[in-house]
Amino acid sequence: MAPTPDIGVFGRYTYLVTELFWGAIAVFLLRRENALRKAAVTILALYPVAYVWDRYTLAVGIFDIKLRTGIDIAGIPLEEHLFMAVVPGLVIGFHETIFGSGTDGSA
């Protein structure tokens, strides 16, 4: 079995670099499908729920984030704020890429 690559080479910026990488892919997909506005509206609608959920999981110790910048905004790591935009952005980007402008593929 091949060893897992060590992405920790970025040290405390590892999580940030990861979010920026996947975020760039999300933006690429969304721009290509002309869905940036649609994604922004959805992300803004989901953000409050994601924030409360994230704040809770961090507070009770469900997970501990290592390899991060150490910058906290409103009680959670900077990288988590990006995560809350990147994940739905990627989902919407892939959805729009697969299904396109609201068409169902029927003729």
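Hi everyone, let me start in helix α2, residues 36-59, where Y47 and Y51 sit 4 residues apart, about one turn of the helix. Helices here are DSSP runs of H or I with at least four residues, strands are E runs of at least two, and both are numbered from the N terminus.

Before I go on, a quick word on the model. It is a predicted one, where local features need pLDDT of at least 70 and side-chain atom pairs count only at pLDDT 80 or more, while totals for chains, interfaces and linings use all residues. Residues are numbered from 1 along each chain as its sequence is written, and side-chain values use heavy atoms, with hydrogens and water left out.

Back to the rings, then. Rings of Phe, Tyr and Trp (the six-membered ring for Trp) pair if their centres lie within 6.5 Å; planes under 30 degrees apart count as stacked, over 60 as edge-to-face, and the rest as tilted. How many aromatic pairs does that rule give? The count is 2. F21 and W22 make an edge-to-face pair, at 5.0 Å centre to centre and 80° between the planes. For Y47 and Y51, the ring centres are 6.4 Å apart and the planes are at 25°, so that pair is stacked.

Y51 is buried at 18%, and Y47 is partly exposed at 27%. In the other pair, W22 is partly exposed at 39%, and F21 is partly exposed too, at 49%.

Let me zoom out to the whole chain. The protein has 3 helices and 2 strands, and from the N terminus on they run α-α-β-β-α. How does the radius of gyration look against a compact globule of 107 residues? The globule would come out near 13 Å, but the protein has 16 Å. That radius is taken over C-alpha atoms, and the globule rule is 2.2 Å times the number of residues to the power 0.38. Along the principal axes, the C-alpha trace spans about 50 × 40 × 25 Å.

Some totals for you. Buried residues make up 28% of the 107. The accessible surface is about 7500 Å², and 69% of that belongs to carbon and sulfur atoms; the areas come from the Shrake-Rupley method with a 1.4 Å probe, and for residues only the protein chains shown count as cover. Taking contact as heavy atoms within 4.5 Å, residues 24 or more positions apart account for 67% of the contacts with a separation of 6 or more.

Which residues form the largest nonpolar core? There are 5 in all: L30, A35, A39, I43 and I92. By a nonpolar core I mean a set of buried Ala, Val, Leu, Ile, Met, Phe, Trp, Tyr and Cys residues joined through side-chain atoms within 4.5 Å. Setting aside neighbours within four places in sequence, A35 touches L30 and E96.

Now the loops. N34 lies between α1, residues 14-32, and α2. Its phi is near 55°, a positive value in a residue other than glycine, and N34 is exposed at 73%. V9 is in the segment before α1 and is exposed at 64%. V9 and N34 are 25 residues apart in sequence and 35 Å apart in space, C-alpha to C-alpha.

The other loop joins β1, residues 72-73, and β2, residues 76-77, and A74 is found there. A74 also has a positive phi, near 55°, and is partly exposed at 48%. G75 is in that loop between β1 and β2 as well, partly exposed at 43%. From G75 to D54 is 21 residues in sequence and 9.8 Å in space, C-alpha to C-alpha.

Last, the annotations. In the model, residues 12-30 are 89% helix and 0% strand, with end C-alpha atoms 29 Å apart. For residues 13-97 the figures are 74% helix and 5% strand, with the end C-alpha atoms 30 Å apart.

How values were computed. Buried < 20%, exposed > 50% of the residue type's maximum accessible area, 1.4 Å probe, protein only.
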